[in-house]
Structure formats: structure tokens, C-alpha cells
Amino acid sequence: MADTQDVVELILRDHRRMEDLFRRMRSVEADRSGALREFSDLLIAHALAEEAKVYPALKRYKNIDDEEVEHGEHEHDEGNKALLELLQVEEVGSDEWDEKLEELVGAVTHHADEEERTILNGARENVAMERREELGRAFWQERERQLKAGCGSVDHVRKIVES
């Protein structure tokens, strides 16, 4: 388990890790396909854990807008579609790779920014730390379960997108 159990901090750490992985995927000096594999696993595990353990719990709090939570789920779908398109590009570093990468960056960055400003700030203001830590433990356990299951494989991402 991470050194914090606060669900807000755990989600923020994943967002920052995704930003690091975007930088690696853009760098011609990095293992771009390795960064994509790590990113794919992280994005899918993160989103599935949020949708299973965090979003349903946060909908119960007043001042955390249900529409924002549902919008977050919709944005996960958009990110998953953009991820699948990048995973299906045959040549890392090609013009198509760069184009699909930027579409993914745009979708995920937009979602993370909105989530941080609305849902996570709402959780900070309205959810007691004890409950945030309970949600953090549940989020982390589900996230780890998904990671161990290889959730970011192209076949699994395709199933998620097509469902």
C-alpha cells in the first residue's frame, strides 16, 4: 500500500504518473512502447477502480455533483477509446503514433483537470478523512487487482471499449 491512504492523494499520484508517462511516450530517447504498456495498465486500472469503488460512494455526498461523477465516467470512455486507437498503431514514433498519442493526452489531461477541480475538491471539502482513507484502501485494492490481471492489454481495452 502507498504511504497515504487518502483516496484524493492516491488519485492525484496516478494523474502525475500518467503525465510522466506521457513525457516518456513523446521522447525519442525513451522506451516509448514500454511507457505505453505501463500507461495502458495504469489508466485502465485507475478508471475501473474509480468507477467501482470511488464514484458510487461520492455520489452519496451532497455538494458532490452526480452529473460531474457521471461526466467523469463518460470521459473515462473517451480516454479508453483514444488509448485503444494508440495501442493499435503498428509503428511507434510514426506520424500516426504521434497523432493518436496527442489525442490520448488531450482526452486524459482534460478529464484529470476536470476531476481534480470538481470531484476531488468536492471530496476534500465534504468527505471526512476517515472515509477518504476507507475509499483509498478500496480504490487501491481494486486498482492492484486490475493491474495483476493485466487490464491494459489491447484485447482487454478493446472489450471495455466495445461493451
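User: How many cavities of 30 Å³ or more does the structure hold, and what makes a space a cavity?

Analyst: In this predicted model, there are 2 cavities of 30 Å³ or more. The term applies because a 1.4 Å probe fits in such a space but cannot get out.

User: What is known of the largest cavity, and which residues line it?

Analyst: The largest cavity contains about 40 Å³ of space. Its lining is made up of His15, Met18, Leu43, His46, Ala47, His76, Val108, His111 and Ala112. The elements that contribute two or more residues to this lining are α1 (7-26), α2 (32-58) and α4 (95-126).

User: How is the lining of the largest cavity divided by class?

Analyst: It has 5 nonpolar residues, 4 polar residues and no charged residues. Met18, Leu43, Ala47, Val108 and Ala112 are in this lining, and they count as nonpolar because Met, Leu, Ala and Val belong to that class.

User: Which residues line the second largest cavity, and which class does each fall into?

Analyst: The second largest cavity, with about 40 Å³ of space, is lined by Leu43, Glu75, His76, Gly79, Asn80, Val108 and His111. Two or more residues come from each of α3 (66-87) and α4, and α3 supplies the largest share, 4 residues. By class the lining has 2 nonpolar, 4 polar and 1 charged residues.

User: Why is Lys100 called buried?

Analyst: Lys100, which is found in helix α4, has a relative accessible area of 16%. Buried means under 20%, so Lys100 is buried. The C-alpha atoms of Lys100 and Ala123, 23 residues apart along the chain, are separated by 33 Å.

User: Why is Asp155 called partly exposed?

Analyst: Asp155 has a relative accessibility of 48%. Partly exposed lies between the 20% limit for buried and the 50% limit for exposed, so Asp155 counts as partly exposed. Asp155 is found in helix α6 (residues 154-162). Asp155 and Leu84 are 71 residues apart in sequence, with 9.1 Å between their C-alpha atoms.

User: What makes a group of residues a nonpolar core, and which residues have the most contacts inside the largest one?

Analyst: Such a core consists of buried nonpolar residues joined through side-chain atoms within 4.5 Å. The largest has 23 residues, and Phe22, Met25, Phe39, Leu83 and Leu104 have the most contacts inside it. Helices α1, α2, α3 and α4 each give two or more residues to this core, with α2 giving the most, 7 residues.

User: What lines the largest pocket, and how do its residues divide by class?

Analyst: The largest pocket has about 170 Å³ of space. It is lined by 13 residues, among which Ser33, Leu36, Arg37, Leu87 and Val154 lie nearest its centre. The elements giving two or more residues to the lining are α2 and α3, and α2 gives the most, with 5 residues. The lining residues divide into 7 nonpolar, 4 polar and 2 charged. Arg counts as charged, so Arg37 belongs to the charged class.

Key: Residues are numbered from 1 along each chain as its sequence is written. This is a predicted model: local features need pLDDT of at least 70, side-chain atom pairs count only at pLDDT 80 or more; totals for chains, interfaces and linings use all residues. Side-chain values use heavy atoms; hydrogens and water are left out. On a 1 Å grid over the protein atoms alone, a cavity is a set of points where a 1.4 Å probe fits but cannot get out, and a pocket is an open set with protein on both sides within 12 Å along at least five of seven lines; lining residues have an atom within 4 Å of a point. Grid points are joined across faces, edges and corners, and a volume is the space filled by probe spheres set on the points. Buried means under 20% relative accessible area, exposed over 50%, partly exposed in between (1.4 Å probe, protein chains only).
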